[in-house]
Amino acid sequence: MRLLNMRIALYARRSTDEHQMASVEVQLQEAQRYVLANGGTVAPQHVFIDDAVSRAEFKKRPGLISLLNAANAGQFDAVIVRDDSRLGGDTFRSGLVIQDLLETGTRLFYYYKNEEVTLDGAVDKFMIAARSFAAELEREKTSQRTHEHLLTKARRGFVVGGRVYGYDNAEVLDGEQRVRVEYKINEEQAQIVRELFKRYAEGEGLRSIVKDLNARRVPPPRAGKRGTGSWATSAVWSMLRRERYRGILVWNTREKTYKGGTKVRIARDPSEWIRTEVPQLRIVDDELWFAVQARAQTQEHRETRRGAGRPARHLLSGLARCGQCGGPMTVTNGKRSYETVKVYGCAYSRDRGKAVCTNTLRRPMDDINDAVARWISQTVLSEELLLDVIHHVRTLLAERTTKTTTELPRMEKEATRLRTEIDRLVTALATIDQKPEAVIRAIAERQEELSALEARLRGAKAAPEAIQLELRRMEAEARQRLDELKGTLTRKPEQAREVISMLFDGPIKLTPIETPEGKRFWVEGSANLWALFAAGCLKSASPAGFEPA
């Protein structure tokens with residue numbers, strides 16, 4: 001049996017942009033049958049899945065990434081997949097995934113073709129590239145057919161996906177079958193759209209408009225999982241620039257493509273845009289529309305001069321969140337006695353109003369930055385904590401080494417048995433004139449099992465010395481890294497931001513609390529020291545707090 005005594009992992013993937021013969025469940029069931037038929041076993045922790053992920057996606061594939069990490073850690077001996085299309089559909093990247101997997105010493109089998117994948121020569125590599133090319137070509141054709149279908153609907157003014165505030169998506173049926181989906185004005189929402197255009201054209205600011213809408217509890221546009229259930233200045237700004245409200249549908253402004261192994265959207269040339277006049281969908285007249293655009297262009301010019309969209313310059317910008325509403329903390333001007341200073345405050349409270357967040361506390365930026373940097377340097381980047389982490393690693397590796405050592409006698413006994421059986425079969429083969437296919441196949445199968453077992457034995461015997469050497473190297477490198485990081489925290493905010501973004505597992509929360517000196521921010525976050533030195537995930541600090549002066 002070709003998988004006998006091997007630790008097996010399964011990988012399954014289902015796409016969103018293709019009609020697949022096998023769902024994730026069917027792939028796993030068939031892979032299990034293949035493993036059982038070939039004498040292997042699968043542990044539940046070695047089943048990796050990517051559901052609703054395109055074959056061209058490689059960065060945002062948690063199942064595949066976990067599989068490769070586990071293979072690199074030697075957690076299993078072989079991977080079973082339906083076929084090459086499950087691993088990917090990119091001519092170059094699919095081959096690199098296979099190469100990375102095989103170079104860990106893990107074997108790869110396609111159950112649908114009953115085939116083992118190897119990279120023993122140029123022919124093997126060419127066949128993998130050819131199959132990946134075919135998968136990528138099919139993906140491109142599917143994408144082209146989909147785009148052509150949407151193009152036809154856009155030119156006729158029909159819905160091509162998504163929802164737009166001010167309109168309902170109305171199904172047009174032929175009996176019980178849906179023929180198409182059309183836009184229909186939602187009069188209640190259309191009144192809000194007209195109000196936004198009118199107020200902005202009359203000179204009212206976006207922040208003032210948004211605060212009023214939130215105070216009145218006007219339902220905002222739906223934003224799915226990203227939404228906070230409140231109006232935002234960015235949402236209103238986008239609505240004010242949308243030509244659909246004056247009866248013109250604009251489609252094909254952006255293109256979905258793949259770069260760097262993940263899906264991205266890039267702007268199309270304006271000559272490729274599809275503009276369709278649909279007067280029945282007009283919500284605002286041209287006079288009001290152009291009045292709004294004239295003011296918006298002036299505002300855009302001011303934002304450009306102020307450097308809107310530039311990278312964050314402050315230590316916690318983009319990293320800190322409000323402990324009450326979860327909104328971002330922003331840096332604005334404030335007062336300390338008679339002095340104007342930079343302060344941290346909740347952006348949602350400032351921009352969306354107290355109806356969204358009542359956290360109006362603002363504290364000097366420098367005080368909070370100093371408290372955070374001081375706590376990280378003294379508590380997280382400490383010699384004691386580093387030694388605790390290294391000790392924990394030593395314990396884990398010692399347990400793994402002990403387990404491997406206890407398996408050595410069984411593995412050596414199994415290797416001796418296989419060698420004996422191979423010798424007997426070779427002797428039997430030499431005594432007969434004809435060469436029975438069954439005997440030859442039995443020799444090949446046992447030799448295959450013996451080769452894999454001997455590789456595991458060599459690794460197990462060499463592991464203790466290699467682990468001790470690696471631990472000594474890692475500890476020396478970690479000590480040097482600690483000194484570098486402590487120095488970085490006192491330098492430019494951009495460099496310190498990189499340290500903090502690596503160090504904390506999630507956002508840093510600033511929550512207002514009452515103290516004898518008045519209101520202060522309680523700052524908390526969960527740190528992960530090991531992330532600075534290796535690819536592990538050992539928690540080195542639980543939530544901690546500071547009280548800025």
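The legends below describe close-up views of a predicted model.

**View 1**
Val-123, Phe-126 and Met-127 make a nonpolar surface patch of about 330 Å². Met-127 belongs to helix H5, which covers residues 122–155. The relative accessibility of Met-127 is 37%, so this residue counts as partly exposed.

**View 2. The packing of helices H7 and H8.**
Helix H7 is formed by residues 206–215 and helix H8 by residues 233–240. The two pack at an angle of about 110°, and their axes are 9 Å apart. H7 is therefore roughly perpendicular to H8, since angles of 65 to 115 degrees are counted that way. The crossing in which H7 passes H8 is right-handed.

**View 3. Lys-354 and Ala-215.**
Lys-354 sits in the loop between helix H10 (347–352) and strand E15 (363–364). With a relative accessibility of 58%, Lys-354 counts as exposed. Along the chain, Lys-354 and Ala-215 are 139 residues apart, while their C-alpha atoms are separated by 7.7 Å.

**View 4. Two asparagines with positive phi.**
Most residues other than glycine have a negative phi. Asn-114 has a positive phi, near 50°, and lies in the loop between strand E4 (107–110) and strand E5 (115–117). The relative accessible area of Asn-114 is 47%, so Asn-114 is partly exposed. For Asn-252, phi is also positive, with a value near 75°. This second asparagine is placed in the loop between strand E8 (248–251) and strand E9 (254–259). Asn-252 counts as buried because its relative accessibility is 7%, and buried means under 20%.

**View 5. Salt bridges between pairs of residues.**
The structure holds 28 salt bridges. One of them joins Asp-83 and Arg-82, with 2.5 Å between the closest N and O atoms; both residues are buried. In the salt bridge of Glu-187 with Arg-194, the closest N and O atoms are 2.9 Å apart. Glu-187 is partly exposed at 42% relative accessibility, and Arg-194 is partly exposed at 25%. Asp-351 pairs with Arg-350 in a salt bridge whose closest N and O atoms are 2.9 Å apart. Here Asp-351 is buried, with a relative accessible area of 15%, whereas Arg-350 is partly exposed, with 30%.

**View 6. A network of salt bridges.**
Salt bridges link Glu-195, Arg-199, Glu-204, Asp-212 and Arg-216 in a network.

Notes
Residues are numbered from 1 along each chain as its sequence is written. This is a predicted model: local features need pLDDT of at least 70, side-chain atom pairs count only at pLDDT 80 or more; totals for chains, interfaces and linings use all residues. Side-chain values use heavy atoms; hydrogens and water are left out. Patches are made of residues with over 30% relative accessible area and no salt bridge: like charges are joined within 9 Å, nonpolar side chains (Val, Leu, Ile, Met, Phe, Trp, Tyr) within 5 Å. Accessible areas come from the Shrake-Rupley method with a 1.4 Å probe; for residues, only the protein chains shown count as cover. A salt bridge is a side-chain nitrogen of Lys or Arg within 4 Å of a carboxyl oxygen of Asp or Glu. Helices (H or I, at least four residues) and strands (E, at least two) are DSSP runs, numbered from the N terminus. Buried means under 20% relative accessible area, exposed over 50%, partly exposed in between (1.4 Å probe, protein chains only). Axes are lines fitted to C-alpha atoms, for helices over the stretch in contact, and angles run from 0 to 180 degrees between N-to-C directions. Angles under 35 degrees count as roughly parallel, over 145 as roughly antiparallel, 65 to 115 as roughly perpendicular and the rest as oblique. A crossing is left-handed if the near helix is turned anticlockwise from the far one by less than a right angle, and right-handed if clockwise.
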